[in-house]
Amino acid sequence: MLVLAAWALQERVKSAWHWTALAYIMVSFVSSMPWPVLFIGYFSVVFIAQALQRRVWQAPLLAMFSVTFTGTLFINILSFAVLRILGTPFSFADVIGLIVLPSLLLNMLFSILIYAFMRELSRWVYPLEEYE
């Protein structure tokens, strides 16, 4: 999720939706989470990232933190709701304390590194054209 969000926040990147579809397919093969949760979660994170990239262009790290925070909460709460509907007996307090908050903390810590890496990668893949 962090890689997709950081890639979608780059200015010159036009292929964020392609990478989102590829990541969704790869994760859906190895995860036992129902596929609509992954589809809705990943594509909504990229949609939010691209919407913020157009609006918060002067503070890209703030946009990365916002996408990370909202994306993590959205995907975890959506996963909890779908698993609860399917009959998995999780209590809401345990999910918040043992899954959502630790994953939110780790995602916020890793988001700085992932954003910096994806920024350099996007500059390498899409170099700035210089005219003489």
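Predicted model: local features only at pLDDT ≥ 70, side-chain atom pairs only at ≥ 80, totals over all residues.
Residues are numbered from 1 along each chain as its sequence is written, and side-chain values use heavy atoms, with hydrogens and water left out.

Let me start with the whole chain. The protein chain has five helices and zero strands, and reading along the sequence gives the pattern α-α-α-α-α; here helices (H or I, at least four residues) and strands (E, at least two) are DSSP runs, numbered from the N terminus. Along the principal axes, the C-alpha atoms fill a box of roughly 65 × 25 × 20 Å. Of the 132 residues, 35% count as buried, where buried means under 20% relative accessible area, exposed means over 50%, and partly exposed lies in between, using a 1.4 Å probe and protein chains only. If we take contacts (heavy atoms within 4.5 Å) between residues at least 6 apart in sequence, 71% of them join residues at least 24 apart.

Now to the aromatic rings. Rings of Phe, Tyr and Trp (its six-membered ring) pair if their centres lie within 6.5 Å, and planes under 30 degrees apart count as stacked, over 60 as edge-to-face and the rest as tilted. How many aromatic pairs does a search of the whole structure find? The search finds five, and among them is the pair of Trp 17 and Phe 43, which is stacked, at 5.9 Å centre to centre with 10° between the planes. This pair links distant parts of the chain, since Trp 17 sits in helix 2 (residues 16-30) and Phe 43 in helix 3, 26 residues apart. Ring pairs also bring Trp 17 and Phe 43 together with Tyr 24 and Phe 39 in a cluster. Trp 17 itself is partly exposed, because its relative accessible area is 34%.

Staying in helix 3 (residues 35-55), we come to Ser 44. Is Ser 44 buried or exposed? Ser 44 is buried, because its relative accessible area is 18%. The side chain of Ser 44 reaches the backbone oxygen of Ile 40 at 2.8 Å.

Leu 83 is found in helix 4 (residues 60-85), and, leaving aside residues up to four places away in sequence, Leu 83 touches Met 33, Pro 34, Thr 88 and Phe 90.

Finally, let us return to helix 2, where we find Phe 29. Phe 29 counts as exposed, because its relative accessibility is 70%.

Note on methods:
Polar contact = N/O pair within 3.5 Å; in protein donor to acceptor, adjacent residues only side chain to side chain.
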